[in-house]
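Please look over the structure below before reading on.

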Amino acid sequence: MTPPTPADNPAATSTPDAPHDLVGIGIGPCNLSLAALAHPIPDLDTVFYEQHPRFDWHPGLLIDGATVQVPFLADLVTLADPASPWSFLSYLKSRDRLFPFYFAERFHIQRAEYDAYCRWVSQNLPRLHFGHQVDAVRWNPERDVFEIDFTQLDTDGEAEALGRTYTRNVVLGIGSEPYIPEPLKPLVEAPTVPVLHAADYLTHRDRLLTAEHVTVIGSGQTGAEIFLDLLRHRPAGREKIHWLGRTEAFAPMEYSKLGLEHFTPDHTRYFHALTEPVRDRLVAAQWQLHKGIGADTIAAIHDELYRRTLHGGWPEAVLTPGVRVRTAGRVATTKVELHLEHTQQGSRSRLTTDAVVLATGYRDRPLDRILAGLDPYLRRDNAERPRIDEQFRLDLDPAITGSGSHVYVQNAELHTHGVGTPDLGLVAWRSAAILNSLTGRAPYPQPTRTAFTTFGLEQPLPAVPTPRQSQEREKGQHHVLTPLVDGI
């Protein structure tokens with residue numbers, strides 16, 4: 001299969017000063033999905049900028065055997081357009097790998113393969129500009145367009161040229177950045193003892209394997225995968241690994257079929273309609289939906305530990321949940337001392353180690369820097385976070401939105417759209433929703449119902465009504481829930 005070329009989209013020939021319909025900032029999976037679904041829409045002029053020289057999806061975590069936690073159907077396009085030439089199956093066909101994949105019978109693919117698939121899309125899809133750092137976004141009231149200033153970078157990441165473009169709409173897909181707890185920041189910045197975020201794990205893996213003692217901090221999927229990888233490559237009886245986590249247990253991810261319905265458009269719409277305080281409480285309470293550990297990974301860890309007991313003795317590995325790092329410091333120049341507190345016991349202890357891997361997750365990159373020029377137009381919630389409407393648009397002053405221009409966001413709306421926000425399974429649906437909103441039509445018709453669960457007492461109308469229900473609707477009759485009376 002030969003991927004489409006830039007000539008397939010006539011909008012690719014716009015003049016430099018003519019405003020684009022959409023400029024995307026950042027090219028991760030979210031905006032790559034949007035670019036792929038936008039490509040076949042006639043007369044839609046889009047362009048995307050990314051400061052890195054090429055597409056890279058968590059390169060430090062592409063551990064051998066680690067899989068994506070969603071099925072392969074959750075690629076960039078399939079759940080919005082199964083016939084798209086940019087699907088994962090199209091990628092396999094282009095590599096003559098369809099039959100091997102068919103016989104492999106894998107529903108969940110390896111992370112390295114997902115990364116290779118996305119890179120294939122990024123290398124063949126037109127109008128993607130890598131090595132372009134967006135510096136500022138401003139509103140031009142005289143032209144009713146956004147001004148985008150960018151710096152073109154050379155292969156070493158140094159500034160090569162400055163540029164400006166104009167657009168009616170913007171979509172932010174700048175992703176997240178590694179989160180390092182405050183007590184450990186000074187240690188990460190000093191080079192003598194390896195204290196690093198999991199995002200850099202593979203870069204420093206050889207050094208970690210030679211360290212006498214290694215501590216992994218973080219009880220989610222990433223921490224589990226790194227602990228397992230270190231365990232498999234350290235000698236039996238001399239593993240010398242501590243695995244610490246703040247959660248009360250090394251808990252499995254909620255992966256029941258009804259539990260997964262929290263990652264549907266139905267739950268996203270339900271969540272968005274809740275009040276701000278309820279949404280904040282719900283995100284915190286639902287951590288196990290997206291921060292737990294895959295059952296297969298837990299089983300593999302237990303199997304590896306058990307295997308090391310076959311000839312007597314226990315592996316020299318300590319797994320302790322319910323622990324937080326209070327403070328940390330260096331011992332001489334070769335070791336790190338962690339001051340720990342057990343949250344249930346209230347007890348405190350110290351741990352001396354030769355290397356630390358921080359599987360402490362990611363945080364959304366702040367939008368304030370890139371949107372500083374729009375701050376007077378931006379409306380915020382009680383926690384000073386940007387308000388985001390149901391169509392993934394920032395709540396901006398009518399001086400902007402009244403002209404039909406909007407700023408869309410991707411994977412930065414956890415506080416307004418819920419736990420499905422970072423999930424790859426909703427990437428194609430969200431991209432389709434943005435394109436439907438942007439174009440004012442429905443190039444990608446959306447499903448009216450996606451879950452068997454009804455979230456809340458207001459029941460949506462069935463997607464396929466029965467004949468009786470259809471007749472009642474024609475007469476203007478609708479079934480509604482009878483309000484409950486207290487005490488009954």
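The sections below take up confidence, the nonpolar cores and the cavities in turn.

## Confidence in the model

This is a predicted model, and its chain averages a pLDDT of 90, with 91% of the residues scoring at least 70. Where pLDDT is low, the predicted coordinates should not be read in detail.

## Nonpolar cores

The largest nonpolar core has 50 residues, and those with the most contacts inside it are Leu-32, Tyr-114, Tyr-117 and Leu-435. Two or more residues of this core come from each of α1 (29–38), α2 (88–94), α4 (111–124), β3 (128–130) and α14 (427–439), and α14 gives the most, with 8 residues.

Leaving aside neighbours within four places in sequence, Leu-435 is in contact with Leu-34, Leu-37, Ala-38, Ile-41, Leu-44, Pro-443 and Tyr-444. Another core, of 27 residues, lies apart from the largest one and includes Ile-63, Ala-198, Leu-230 and Ala-300.

## Cavities

A search of the whole structure finds 3 cavities of 30 Å³ or more, and the second largest cavity has a volume of about 60 Å³. Among the residues that line this second largest cavity are Val-68, Phe-72, Asp-75, Phe-88, Ile-109 and Leu-424, together with Tyr-114 and Tyr-117, two residues already named for their contacts inside the largest core. The lining of the second largest cavity divides into 10 nonpolar residues, no polar residues and 1 charged residue.

Technical notes. Residues numbered from 1 in each chain as written. Predicted model: local features only at pLDDT ≥ 70, side-chain atom pairs only at ≥ 80, totals over all residues. Heavy atoms only, no water. 1 Å grid on protein atoms, 1.4 Å probe; cavity = no way out; pocket = protein on both sides within 12 Å on 5 of 7 lines; lining within 4 Å. Points joined across faces, edges and corners; volume = space filled by probe spheres on them. Nonpolar A, V, L, I, M, F, W, Y, C, P; charged D, E, K, R; others polar. pLDDT = per-residue confidence, 0-100. Core = buried A, V, L, I, M, F, W, Y, C linked by side-chain atoms within 4.5 Å. Buried < 20%, exposed > 50% of the residue type's maximum accessible area, 1.4 Å probe, protein only. Helix = DSSP H or I, 4+ residues; strand = E, 2+ residues; numbered from the N terminus. Contact = heavy atoms within 4.5 Å.
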